[in-house]
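Here is a short report for a first look at this structure. Keep the model open while reading.

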Amino acid sequence: MTKDNNTEVFTFRVSLVDTSGNVIAEAEEVTLRQISKMNEFKKNAFYGTNWMLQPATIQKTQNVQGNVLVFCDQGEYYARALAEQIQHQDSRLFFVSIGKKFSQIDATQFTVGEDEEDYDKLLAAIGVNNLCSVYHFSTVNFTRTDVSAERYGEELHQGLYSVVYLTRAILRTIRDSVEFVLLTDYAHEVTGEEACIKPANAAFLAVAKSTATEYPNLRYRCIDIDEATDMETVLDEVLTENPTFRVAYRNNQRFTEALTVIEQKQESMREMEIKQTGVYLITGGTGGLGLQMAIDLGNRGARTICLLARKALPDRSTWQTLLSNRDRKLSTLIESILYLENLGCTVLLRYTDVSDRVQMESILSELKEAYGPINGIIHCAGMAGDGFLFNKNMNTFRDVVRPKINGTVVLDALTRGEKLDFFILFSSMTSLLGGPGQSDYTAANAFLDAYAPYLRKKGIPVQTVNWPGWSEVGMAVDYQVADAVTLFRSLETEVAIQALNEIIKYDLSNVIPGQINYDILQQIGENNLPFRLSPWLKKNLDRHISRHNTQKKQVAKQTIAPEDIHIIGKNDNYTTTENEVAFRYAVVLDLREIDIYESFNSLGGDSIHAMELLKEINAIYPRTIDITDIFTHSSVEELAGLIDKKRGIGKEQSDDKAVIVPDYKLSDDDIMSMLDNVEKGNVSSFDEAIKVIKSNK
Ligand SMILES: NC(=O)c1ccc[n+]([C@@H]2O[C@H](COP(=O)([O-])OP(=O)(O)OC[C@H]3O[C@@H](n4cnc5c(N)ncnc54)[C@H](OP(=O)(O)O)[C@@H]3O)[C@@H](O)[C@H]2O)c1
């Protein structure tokens with residue numbers, strides 16, 4: 001084994017031998033680079049969406065031509081006003097309310113019940129030809145500010161299931177283009193001033209994120225309003241000629257959703273102790289992620305952990321045999337339970353559907369009686385969504401929705417009186433992005449996303465995490481999508497657990513832990529996302545694109561002063577070196593905001609920028625770093641730490657103070673060729689690259 005001078009790269013010669021000791025394969029120069037997982041997580045930010053004020057000039061109203069379905073019920077006020085605006089146009093309006101069963105009241109008024117066939121009957125009755133628009137206003141109800149667990153079924157039928165059944169009925173009969181305008185009240189926390197949040201409305205709207213990608217002939221728009229917004233404003237948006245996929249109105253102001261970086265606020269920080277005497281419930285505890293949660297809790301001192309799932313484990317007497325079984329998932333599950341028991345944990349396995357209120361009540365009562373109050377809940381129970389809406393078996397749809405929607409409502413109802421230290425809901429980045437085949441999963445997770453602000457407004461400290469894929473365990477691995485190239489990079493287990501602990505510590509909610517994959521963002525295109533990008537992310541994307549387009553072109557940079565730079569990533573106490581280095585990053589990369597944990601690459605830096613940065617840093621800290629340090633210590637925090645270490649500042653004097661600075665002068669061309677070699681992986685270290693240059697001279 002050899003080790004390079006910057007101590008992070010190890011090169012091995014590897015021999016593979018069979019059981020008799022015969023060499024069957026050899027590999028020269030297998031190189032490993034040491035990466036600190038902790039640092040890797042810090043480099044990842046938390047992302048989430050914010051609703052940002054975005055007034056728009058609403059163009060003159062559409063000319064509605066064709067048959068129009070208006071779902072009204074409580075939204076009747078809007079439906080009638082809409083009718084007045086468009087009745088003179090070349091359109092025919094049909095009004096639908098949601099009741100017990102299908103009925104036709106007169107030539108233009110209908111009721112549909114809870115059966116999917118009612119929607120086929122409706123389309124047959126109105127004559128499907130020439131259906132151009134669906135205005136779905138049924139869920140708007142300002143008099144309803146909260147929902148009891150018992151009434152969620154009704155809410156879902158007015159919104160989620162209604163749009164799903166209607167979409168499927170349309171797909172069965174119509175090939176033409178149909179526009180859906182879905183109007184809700186208080187589906188999202190937009191300003192934070194909302195008196196209530198309605199999670200069922202969020203699930204209703206979220207379906208569109210998926211179906212819009214499955215069926216190009218169906219166009220959806222989602223408008224979420226509050227009571228203070230005028231009818232006129234709402235109808236202008238409903239009938240606008242230049243529509244936005246998702247908008248919200250609060251007090252007549254127009255907002256659109258933007259993906260942004262979410263900061264950890266020092267003032268929200270809390271020390272969250274895992275109590276030895278505490279009782280912790282993990283729903284979906286036998287699944288990939290739930291089990292990792294249990295191990296983490298056990299490692300941190302929890303001694304009573306209940307794992308809840310529907311399918312029972314085989315009888316304990318068979319466990320030893322099963323451990324040598326080829327069923328990797330089952331043996332990992334058994335191994336993990338035995339590991340926890342070895343730590344001294346009592347692992348309670350309980351089996352029921354989390355949405356079964358009676359069973360859940362009995363399990364929770366038993367836990368409380370035997371072990372004491374519940375201290376923390378991690379709600380991981382979930383099923384992956386699979387299949388386009390048109391072909392989807394509705395029982396599968398309900399199975400996906402049930403643990404997340406009904407299960408969450410049940411857990412909430414049964415623990416309202418408890419003093420929980422944490423209550424974490426495992427959602428997915430899919431709820432933000434949607435995607436083909438994911439209508440059920442998107443709706444289910446969007447419900448969780450809205451349930452967090454709904455409960456937090458009531459002072460219940462629930463947190464939702466929008467996980468990207470986990471790369472080592474869980475459903476993404478089972479469905480072989482863990483390596484899929486998605487907008488957010490997938491997380492290794494250890495990194496994901498660190499992220500979750502940060503989320504709990506900083507009381508974050510509705511966050512995606514991870515790193516954006518700018519190549520994918522560029523491929524998708526900003527305009528094809530269901531949200532826009534915050535100015536900072538947009539700038540990063542633009543920079544990424546320009547980096548690709550102008551690979552080796554020097555980018556003209558503007559003159560920036562230190563006071564122009566906004567440094568983010570931690571609280572204000574940045575070290576002098578961090579300030580200096582961040583300023584140099586900003587100058588070289590032409591940025592006004594620098595996250596000290598973001599890598600040089602993801603900030604848009606390339607080899608040319610790296611050379612410039614090296615020159616800038618050498619001007620203030622001569623001979624402290626070399627070019628490879630910019631790639632191996634690539635965030636401001638890491639590079640500043642390295643500079644301090646080499647200069648013997650702060651931490652203990654470094655014992656590897658031998659700085660790799662060449663004793664000869666490199667021309668710019670030398671450096672370029674060296675960087676090319678390092679980037680392409682032709683050489684494994686800076687020293688080797690120098691040797692190549694020297695040998696070419
Ligand atoms: N894995 C990922 O990459 C990823 C990414 C984003 C979000 N998530 C979310 O994280 C959570 C855990 O995912 P995972 O990867 O660990 O999934 P998993 O390996 O498939 O495990 C799911 C667990 O949920 C249980 N479950 C499913 N439906 C249930 C119900 N109705 N009642 C009670 N238990 C139920 C399953 O057990 P039974 O089948 O025995 O009931 C199993 O224990 C899910 O909510 C998922 O949406 C995962």
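Helix α2 covers residues 76-86, and Tyr78, Ala79, Ala81, Leu82, Ala83 and Ile86 in it are buried. Buried means under 20% relative accessible area, exposed means over 50%, and partly exposed lies in between (1.4 Å probe, protein chains only). Helices (H or I, at least four residues) and strands (E, at least two) are DSSP runs, numbered from the N terminus. The cover over the buried residues of α2 includes strands β5 (66-71), β6 (91-98), β9 (131-136), β10 (178-185) and β11 (218-225), and helix α7 (231-238). Contact here means heavy atoms within 4.5 Å.

This is a predicted model, in which local features need pLDDT of at least 70 and side-chain atom pairs count only at pLDDT 80 or more, while totals for chains, interfaces and linings use all residues. Residues are numbered from 1 along each chain as its sequence is written, and side-chain values use heavy atoms, with hydrogens and water left out.

The chain holds 25 helices and 23 strands. Of its 697 residues, 55% are buried. Take the contacts between residues at least 6 apart in sequence: 71% of them join residues at least 24 apart.

Next come the cores. A nonpolar core is a set of buried Ala, Val, Leu, Ile, Met, Phe, Trp, Tyr and Cys residues joined through side-chain atoms within 4.5 Å. The largest one has 78 residues, and Leu69, Phe71, Leu160, Ile170 and Phe180 touch the most other members. Domain 2 (57-243) and domain 3 (273-467) both contribute residues, so this core lies between them. The domain bounds come from an automatic or database domain assignment. Leu160 touches Ala203, Phe204, Val207, Phe397, Val401, Ile405 and Ala443, with residues up to four places away in sequence not counted. Another core, of 51 residues, lies apart from the largest one and includes Leu259, Val581, Phe600 and Leu642.

Now the sheet. Six strands form an open sheet with parallel pairing, in the order β16-β15-β14-β17-β18-β19. Two strands pair if DSSP finds at least two bridges between them. Strands β16 (346-351) and β19 (462-467) stand at the edges with a single partner each, so one side of each has no neighbour in the sheet. On average, neighbouring strands of the sheet are turned by 15° against each other, direction ignored. Strand β15 (residues 304-309) runs parallel to β16 and is joined to it by six bridges. In this pair, Leu308 stands opposite Arg350 of β16. Helix α13 (residues 406-415) packs on the sheet and touches β14 (279-283), β17 (374-379) and β18 (422-428). The direction of α13 makes about 175° with that of β17. Axes are lines fitted to C-alpha atoms, for helices over the stretch in contact, and angles run from 0 to 180 degrees between N-to-C directions.

| Residue | Relative accessibility | Class |
|---|---|---|
| Cys72 | 4% | buried |
| Asp296 | 14% | buried |
| Cys132 | 16% | buried |
| Ser471 | 24% | partly exposed |

How many disulfides does a search of the whole structure find? The search finds zero. A disulfide is counted as a pair of cysteine sulfur atoms within 2.5 Å.

Asp296 sits in helix α8 (residues 288-299). Leaving aside neighbours within four places in sequence, Asp296 is in contact with Ile497 and Asn501. Ser471 belongs to the loop between β19 and α16 (475-478). Ser471 and Ser490 are 19 residues apart along the chain, and 5.6 Å separates their C-alpha atoms.
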